[in-house]
Amino acid sequence: MFHENTEDMTIVYPGSFDPVTLGHIDITRRAAEFAHRLVVAVLDNPHKEPMFSVAERVSFLQDSLADVSNVEIDSFSGLLADYVVKKGADAVLRGLRCADDFGNEFPYAVCNKAISGGRVETIFLPASPEFVHVSSSIVREVANFGVVSDFVPPVVRVAIEKRFLILTDSVDS
Ligand code: PNS
């Protein structure tokens, strides 16, 4: 159940953010307009080999969202529903780029509500049109071929360039 006064609403925006994209940043900034407090939570998943460590992913988010006063960056492991309850939050936020995203997200929304005894709701925000094609997996895939996409914040561009020792025009000039 949400707080009666929605001005008190705390929302958790979870994800792998490996790496954070401009699409994630857009969703975060838009949600920060209506959330009282917005926690962007990076999943620490021991079963996956990430491109960037949790500490790096947290630091990219902190750098990209430093100007938004009601946004906090955190990391978590284990069940999302447990983390949301522990944080005293009301809801999970997920972005949707297409109908497939909804199909994937819907069971998780139902599951998170069920395993939290009805406490954890999910709010979906549609991606802005300019970001419907943007995903972390595409960023990682093209990075493996030495391409730094325009889909990520500047701090991530620099990190990918360093990681793959890519010499861009801006470095050359
Ligand atoms: O950015 P992603 O990879 O799409 O984010 C997926 C995430 C972190 C939201 C999801 O994997 C998650 O919540 N993981 C924690 C484990 C969990 O609670 N799973 C759902 C059970 S209903």
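This is a short tour of a predicted model, with stops to select one after another.

**Stop 1: the ligand**

Start with the ligand. The space it takes is the largest pocket. Now select its surroundings: Pro 14, Gly 15, Ser 16, Leu 43, Gly 78, Leu 79, Leu 80, Arg 94, Tyr 108, Cys 111 and Asn 112. Colour this shell by class. Six of its residues are nonpolar, four are polar and one is charged.

Next, colour by secondary structure. Two elements give two or more residues to the shell: strand S1 (10–15) and helix H4 (99–115). Which element gives the most? H4 does, with three residues.

**Stop 2**

- Select Ser 16. One of its polar side-chain atoms lies 2.6 Å from a ligand oxygen.
- Select Arg 94. A side-chain N or O atom is 2.9 Å from a ligand oxygen.

On its own, the ligand exposes 550 Å², and the protein buries 71% of that.

**Stop 3: the loop between S1 and H1**

Move to the loop between S1 and helix H1 (22–34), where Pro 19 is found. Phe 17 has its place in the loop between S1 and H1 as well. Two backbone details are worth a look here.

Select Phe 17 and check its backbone. Its phi is positive, about 50 degrees, although Phe 17 is not a glycine. Most residues other than glycine have a negative phi. Is the residue buried or exposed? Phe 17 counts as buried because its relative accessibility is 3%, under the 20% cut-off.

Then select Asp 18 and Pro 19. A cis peptide bond joins them, with omega at about 0 degrees. Most peptide bonds are trans.

**Stop 4: Met 9, before S1**

Go to the segment before S1 and pick Met 9. Met 9 has a relative accessible area of 7%, so it is buried.

**Stop 5: Val 39, in S2**

Select strand S2 (residues 37–43) and find Val 39 in it. Val 39 is at 0% relative accessibility and therefore counts as buried.

**Stop 6: Pro 46, between S2 and H2**

Continue to the loop between S2 and H2, and select Pro 46. Pro 46 has a relative accessible area of 70%, so it is exposed. Draw a line from its C-alpha to that of Ser 77. The distance is 8.5 Å, for residues 31 apart along the chain.

**Stop 7: Glu 56, in H2**

Finish in helix H2 (residues 54–64), where Glu 56 is found. Last, select Val 156. Glu 56 and Val 156 are 100 residues apart in sequence, but 9.5 Å apart from C-alpha to C-alpha.

Key. Residues numbered from 1 in each chain as written. Predicted model: local features only at pLDDT ≥ 70, side-chain atom pairs only at ≥ 80, totals over all residues. Heavy atoms only, no water. Near = heavy atom within 4 Å. Polar contact = N/O pair within 3.5 Å; in protein donor to acceptor, adjacent residues only side chain to side chain. Areas by Shrake-Rupley, 256 points an atom, 1.4 Å probe, with all protein chains shown as cover. 1 Å grid on protein atoms, 1.4 Å probe; cavity = no way out; pocket = protein on both sides within 12 Å on 5 of 7 lines; lining within 4 Å. Sits in = over half its atoms within 2 Å of the grid points. Helix = DSSP H or I, 4+ residues; strand = E, 2+ residues; numbered from the N terminus. Nonpolar A, V, L, I, M, F, W, Y, C, P; charged D, E, K, R; others polar. Buried < 20%, exposed > 50% of the residue type's maximum accessible area, 1.4 Å probe, protein only.
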